[in-house]
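Please open the model in your viewer and keep the selection tool at hand. This tour goes from one selection to the next and says what is to be found at each stop.

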Amino acid sequence: MPQKDPCQKQACEIQKCLQANNYMESKCQAVIQELRKCCAQYPKGRSLVCSGFEKEEEENLTVKSGST
């Protein structure tokens, strides 16, 4: 049996918030930030729900380092 994703609760909260606010991300920044905090606590690859943030961070680093 696979281990429970440590940040699943925060991901579900984001989905609830987005549904309640007609998918306007600007209204859900607080819960998105909570997921980012959760993701920062675990090693890369530990949380499946964090994989999107990890990919986003890698792309941002590539863009920033490429522009200097």
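Begin by selecting Cys39 and Cys50, whose link is left-handed, with -90 degrees about the S-S bond. Cys39 lies in helix 2 and Cys50 in the loop between helix 2 and helix 3 (51-66), so the pair ties together parts that are 11 residues apart in sequence. The two form a disulfide with their sulfur atoms 1.9 Å apart, where a disulfide is taken as a pair of cysteine sulfur atoms within 2.5 Å. Helices here are DSSP runs (H or I, at least four residues), numbered from the N terminus. Both Cys39 and Cys50 are buried, and the terms for accessibility are set by relative accessible area: buried means under 20%, exposed over 50%, and partly exposed in between, with a 1.4 Å probe and protein chains only.

Before you go further, please note that this is a predicted model, in which local features need pLDDT of at least 70 and side-chain atom pairs count only at pLDDT 80 or more, while totals for chains, interfaces and linings use all residues. Residues are numbered from 1 along each chain as its sequence is written, and side-chain values use heavy atoms, with hydrogens and water left out.

**The other disulfides**

How many disulfides does the structure hold? There are three, and the next one to select is the disulfide of Cys7 and Cys38, with sulfur atoms 2.0 Å apart. Cys7 sits in the segment before helix 1 and Cys38 in helix 2, so this pair ties together parts that are 31 residues apart in sequence. The torsion about their S-S bond is about -90 degrees, so this disulfide is left-handed. Cys7 has a relative accessible area of 0% and is buried, and Cys38, at 5%, counts as buried too.

Now select Cys17 and Cys28, which form a disulfide with their sulfur atoms 2.1 Å apart. This pair links distant parts of the chain, with Cys17 in helix 1 and Cys28 in the loop between helix 1 and helix 2, 11 residues apart. Their link is left-handed, with -100 degrees about the S-S bond. If you number the bonded cysteines of the protein in sequence order, the pairing reads 1-4, 2-3, 5-6.

**The nonpolar core**

Next, select Cys7, Ile14, Cys17, Leu18, Cys28, Ile32, Leu35, Cys38, Cys39, Cys50 and Phe53, the 11 residues of the largest nonpolar core. Such a core is a set of buried Ala, Val, Leu, Ile, Met, Phe, Trp, Tyr and Cys residues joined through side-chain atoms within 4.5 Å. Helix 1 and helix 2 each supply at least two residues of this core, and helix 2 gives the most, with four. If you return to Cys39, you will find that it touches Cys7, Cys50 and Phe53, leaving aside residues up to four places away in sequence; a contact here means heavy atoms within 4.5 Å.

**Along helix 2**

Colour helix 2 by itself and look down its axis: which of its residues are buried? They are Ile32, Leu35, Cys38 and Cys39. The buried residues of helix 2 fall within an arc of 115 degrees, so they line one face of the helix; the arc is that of the directions from the helix axis to the C-beta atoms. The face turned away from this buried side carries the exposed residues Ala30 and Ala40.

**Two salt bridges**

A salt bridge is a side-chain nitrogen of Lys or Arg within 4 Å of a carboxyl oxygen of Asp or Glu. Lys37 and Glu34 are three residues apart in helix 2 (residues 29-40), and so are separated by about one helical turn. The structure holds two salt bridges, and the other joins the side chains of Glu13 and Lys16 (3.2 Å, N to O). Glu13 is partly exposed, with a relative accessible area of 33%.

**The loop between helix 1 and helix 2**

Finally, select Asn22, which is found in the loop between helix 1 and helix 2. Although Asn22 is not a glycine, it has a positive phi of about 50 degrees. Most residues other than glycine have a negative phi. Tyr23, in the loop between helix 1 and helix 2, has a positive phi of about 60 degrees, although Tyr23 is not a glycine. Asn22 is exposed, with a relative accessible area of 65%, and Tyr23, at 53%, counts as exposed.
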